[in-house]
Protein chains: 2
Amino acid sequence: MNIMSIDVGTHLKAVRQMYGLSQRELAKRAGVTNGLISLIEQNRVSPSVSSLKKVLDGIPMALADFFTLDLAGKPEVFFPRAELADIGSGSVELRLVGGRLAKRSMSILHERYAPNADTGEEMLTHAGEEGGVIVKGTIELSVGGDTRLLGAGDAYYFKSSIPHRFRNPGREDCELVSASSPPTF
Amino acid sequence: MNIMSIDVGTHLKAVRQMYGLSQRELAKRAGVTNGLISLIEQNRVSPSVSSLKKVLDGIPMALADFFTLDLAGKPEVFFPRAELADIGSGSVELRLVGGRLAKRSMSILHERYAPNADTGEEMLTHAGEEGGVIVKGTIELSVGGDTRLLGAGDAYYFKSSIPHRFRNPGREDCELVSASSPPTF
DNA sequence: ACAAGATGATAAAGAAATTCAACAGATTCC
DNA sequence: GGAATCTGTTGAATTTCTTTATCATCTTGT
């Protein structure tokens, strides 16, 4: 009963009807009452996660799928602006592949980090996924709690929503090729 | 407060700590009480979707990301060179980054073409887009009608539906890093 | 036309969530 | 040595969710 970025009620109703189920049918399968489903679909209550899970089990559909269905259904439309371009200090060089293209599904970058170059103490977080391969030198990559030193030929891949940071601890330049989707640049 | 397939409490705690927040800090940002977060993390309550959303907004993290984020065990983030799956054949070596990950939005490949290596006379066509950066050596890339010789530092980006072909005309290996979306491998 | 069954909505009672306020254990500071 | 401030936990009060039971509406079949 407040501002929800995703309209759970409408969403559930759409999913239920998509599967050709009545409130009572779904309720019976899910082990809840039809009244509850009615209230949820009207957004008159915000179900507990456990209840929503029970309901979705009756469809059946996973919680993750339920919440990502927006993205799957209408991907390009609802993507917020890519924030976070704080990487741009002088010691980091970023070369974007295909920057002139209007529509791209990825950002591919050729990156060069000078010795001691750092994306900053404040960890980076943004939408999507990113990965890359180290071409030359070494880079220290922190993702979530983990920190690892990667050398030429090593690689990485993670969800960009996890806080991350790049730092070059060596005495020579580090070079790598990265890709992120959806495009951050 | 019943059987949940995904352990929301433990999950939230892990996420919170990953962002370096205390229960009280997060509670303050999210506009809920620290007690609630404590109870949720102990799985002594199953939060309503709206509450969970408020809490995640304080991080900030989207609901979809929360349920999609698989931090079971250790999320595989780092991929040492030796662990990159080689899915190439013969004179072409294709090392896939994150091949074990269930859901990826991209395929990132470390590719090596031996002298005279060729993706074949029959042009490749498939869905999506692809791009890359040449790291070492030279490669002859044909896209549509155009053919071009690319050297270290050069790059490419095109729609994969356009017929294309890679060939190494030089006498030394050619190495490049590529990405394609949606994942081809 | 009427009964029988299905649909979704709702009030009140019951169960579970959230908040409030207090607690004990660490750490820091003077 | 404390006082101040941080950490996470918890009992009781409050608010919200969930069920029970009932209602009105719409089909369907005879």
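From the N terminus on, chain A runs α-α-α-α-α-β-β-β-β-β-β-β-β, that is, five helices and eight strands. Here helices (H or I, at least four residues) and strands (E, at least two) are DSSP runs, numbered from the N terminus. The model is predicted: local features need pLDDT of at least 70, side-chain atom pairs count only at pLDDT 80 or more, and totals for chains, interfaces and linings use all residues. Residues are numbered from 1 along each chain as its sequence is written, while chains are lettered from A and ligands numbered from 1 in the order in which they are written.

**Chain A as a whole**

- Of the 185 residues of chain A, 38% count as buried; a residue is buried if 20 or more other C-beta atoms lie within 10 Å of its own, exposed if 12 or fewer, and partly exposed in between, with C-beta atoms placed from the backbone.
- Among the contacts in chain A with a separation of 6 or more, 67% join residues 24 or more positions apart; two residues are in contact if their C-beta atoms, placed from the backbone, lie within 7 Å.

- Helix H2 (residues 23–30) of chain A has A:Leu26, A:Ala27 and A:Ala30 as its buried residues.
- These residues lie on the same side of H2(A), because they cover an arc of only 100° around the axis; the arc is that of the directions from the helix axis to the C-beta atoms.
- An α-helix has 3.6 residues a turn, so residues three or four places apart point the same way.
- The buried residues of H2(A) pack against helix H1 (8–18), helix H3 (34–41) and H4 of chain A.
- Just after H2(A), A:Gly31 takes a positive phi of about 80°.
- The axes of H2(A) and H3(A) come within 8 Å and cross at roughly 115°; axes are lines fitted to C-alpha atoms, for helices over the stretch in contact, and angles run from 0 to 180 degrees between N-to-C directions.
- In this contact, A:Gln23, A:Arg24, A:Leu26 and A:Ala27 of H2(A) meet A:Asn34, A:Ile37 and A:Ser38 of H3(A).
- The residues of the contact of H2(A) with H3(A) comprise three nonpolar, three polar and one charged; Ala, Val, Leu, Ile, Met, Phe, Trp, Tyr, Cys and Pro count as nonpolar, Asp, Glu, Lys and Arg as charged, and the others, Gly among them, as polar.

**Helices H4 and H5 of chain A**

- Helix H4 (residues 49–57) of chain A is mostly covered, with seven of its nine residues buried; among them are A:Leu52 and A:Leu56.
- A:Phe66 belongs to helix H5 (residues 63–73) of chain A and counts as buried because it has 22 C-beta neighbours inside 10 Å.
- Not counting residues up to four places away in sequence, A:Phe66 touches A:Val15, A:Leu56 and A:Met61.
- The C-alpha atoms of A:Phe66 and A:Leu52 are separated by 9.9 Å, and the two residues are 14 residues apart along the chain.

**Surfaces near the DNA strands**

- DNA strand D is surrounded by 23 residues, the closest being A:Gly35, A:Ser48, A:Ser51, B:Ser22 and B:Gly35; a residue is near a molecule or strand if its C-beta atom, placed from the backbone, lies within 6 Å of it.
- H3(B) gives the largest share of the surface near DNA strand D, five residues.
- DNA strand C is also surrounded by 23 residues, the closest being A:Ser22, A:Gly35, B:Gly35, B:Pro47 and B:Ser51.
- H3(A) gives the largest share of the surface near DNA strand C, five residues.
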